[in-house]
Amino acid sequence: MTGDDLIGLHGKETTGPRWAPFKQLNNAAARLVHEGRTTEAAAMFEQAYRLTLVDDLDGAGYDARARVLGNLATLAEHRGDTAAALRLAGDALDACASAEHDVGDRFGTVAVRTAVLIQRSQTHQLLGRYHHALADLEAALALTAGTDDNDDNRLLAFNLHNTRSVLLLRLEHLEAAEAAALHALDLATAHYPALAGHPYSNLAYIAQAHNDHDTAMAYLQLAEQLHTAAGDTAQAALAVANQGRVAGRQGDRDAAVALLARAERAFLDGEQPLRAAEIRYGRAHAAFDSGAVEEARALLPGAIETLRAAGHVVALAEALGLQGDMLAADADFAAAEQAYVEARELYAATGARYHLARLDMRRAFAAAAARDRTDDPDERRQLLQVALYFSLPSALATDAVRHQYAPGGARERWAATVAIPAMAHALHLAMELRDGALISELLEHMSSTVSLHAAGHDAAAVAALDPIELPVPDFEAEEFAFAASAFVTGAAEGFPAPRFALPPRLRVNPNRESALEPWIIETERRYGFAIRSDQVVDAW
């Protein structure tokens, strides 16, 4: 929704001399946004909007109003005012409806409506409202079905697939996200090379999820170069921030600190405090990981405050998880657990099952750390049991995530780089507790092959199972509603892919009750998805 010299929706017919002043203001403001001068841009967009506040507004005027409201919605999200972003997007869609009622699609208003739906989907994603985000994308997709192959529609197709890739990442469908990112990359390469940095950043996230940090860094450096060449300072800064996060994962603390600080300064200069808060959390994480605890303590509270005010669910959950880690390191385990539980509630509301498991593993680490701080044998054993209570279901769930992958390299990378380390921690705890039966069954469970024919569970049914009792302190049962369960379990038609069926449960010793089966049941209850089929087979 910008001027002819920028990538954006240019419309069909000209809106005529009456709206020429509006067009000049709107296009000039768009250029200011591109340069990172968002406060000036917002004032100019507001000036353009006021030109549409007349009693005799015609179809061209409604189209103009929709375009500027869409731009204002984008700026509102950037400054962290998500409520205003949603309100402005709704007003833009109302203006689209009025324009289309008066003059149809004469001025390209359908493309504007599609773009606003995509933008609103992004805001819903930020808030963790994935059902709403998907609904907006589906509505946008319906508007683009069967449209002409013109410049506006190709740009919308790119934005659709790129945004869908990000949503699929949030829903933990990495393979489908990769396919959408590659589709977006093909469109960008063919028509909008300056936009190719966006899908490269998504591909970097996928590589990082598989612990392929070198590939992730290469993608992000390419994304930075593309955004810089296009003059898109904000997106270049985001690529730099992500490079900093990858550097931190690679153990290069100096590079992580320098890259993240550079990116935060760029967003502060560009008047995008929400993005700056995301990066401030990243700086706190890098500082904590490198042992600079006081620096982390100074950075994290302000980041949490901004993220909480904006309702940025994903980033807030991550920041609260880090807060839990920091409190556990200070031996304030009660406060750490409070932070972990709040983060877990945020993840549970979005159906982020792997992130739930990952957070529970951090709770296991905290319990194990508490064990190391006491000499009382009974208390040490009890804390080991607490650690296992969190660690083993987390490891079983993490291992089972591989079943959402089609057979191939990505599945094997997940197993090797994510699932096996998680299971190794649970095995270590079981060994410390000297639970030989559980250890032997875990080893058999890990080595069992997939089944091509076993029937799977119903995810809703396993989520409703009663909690089991374990020899741990009296926890309340943790029941969670998965807001996006259909999409998380892969039941939605939008995510088809070839799959192996779930592998069967194993009967390791027919002469005694299974030591592992209660943990499998607890895992399925806790995370709301099946990790093994109902079929039971003998291990030997």
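Me: How many salt bridges does a search of the whole structure find?

Reply: The search finds 24 salt bridges. This is a predicted model, where local features need pLDDT of at least 70, side-chain atom pairs count only at pLDDT 80 or more, and totals for chains, interfaces and linings use all residues. Residues are numbered from 1 along each chain as its sequence is written, and side-chain values use heavy atoms, leaving out hydrogens and water.

Me: What makes Glu224 and Arg262 a salt bridge?

Reply: The term needs a side-chain nitrogen of Lys or Arg within 4 Å of a carboxyl oxygen of Asp or Glu. In Glu224 and Arg262 the closest N and O atoms are 2.7 Å apart. So the pair counts as a salt bridge. It links distant parts of the chain: Glu224 is in helix 10 (residues 213–229) and Arg262 in helix 12 (residues 253–269), 38 residues apart. Helices here are DSSP runs (H or I, at least four residues), numbered from the N terminus.

Me: Why are helix 16 and helix 17 called roughly antiparallel?

Reply: Helix 16 (residues 333–350) and helix 17 (residues 353–371) pack at about 170°, axes 9 Å apart. Axes are lines fitted to C-alpha atoms over the stretch in contact, and angles run from 0 to 180 degrees between N-to-C directions. Angles over 145 degrees count as roughly antiparallel, under 35 as roughly parallel, 65 to 115 as roughly perpendicular and the rest as oblique. Helix 16 and helix 17 are therefore roughly antiparallel.

Me: Why are helix 15 and helix 17 called roughly parallel?

Reply: Helix 15 (residues 313–329) and helix 17 pack at about 10°, with axes 10 Å apart. That angle makes them roughly parallel. Their contact (heavy atoms within 4.5 Å) includes Leu322 of helix 15 and Leu359 of helix 17.

Me: How do you know that Arg353 lies over the face of Phe529?

Reply: CZ of Arg or NZ of Lys must be within 6 Å of the ring centre and within 35 degrees of the ring normal. Arg353 lies over the face of Phe529, at 4.3 Å from the ring centre. Arg526 lies over the face of Tyr389, at 4.2 Å.

Conventions: Helix = DSSP H or I, 4+ residues; strand = E, 2+ residues; numbered from the N terminus.
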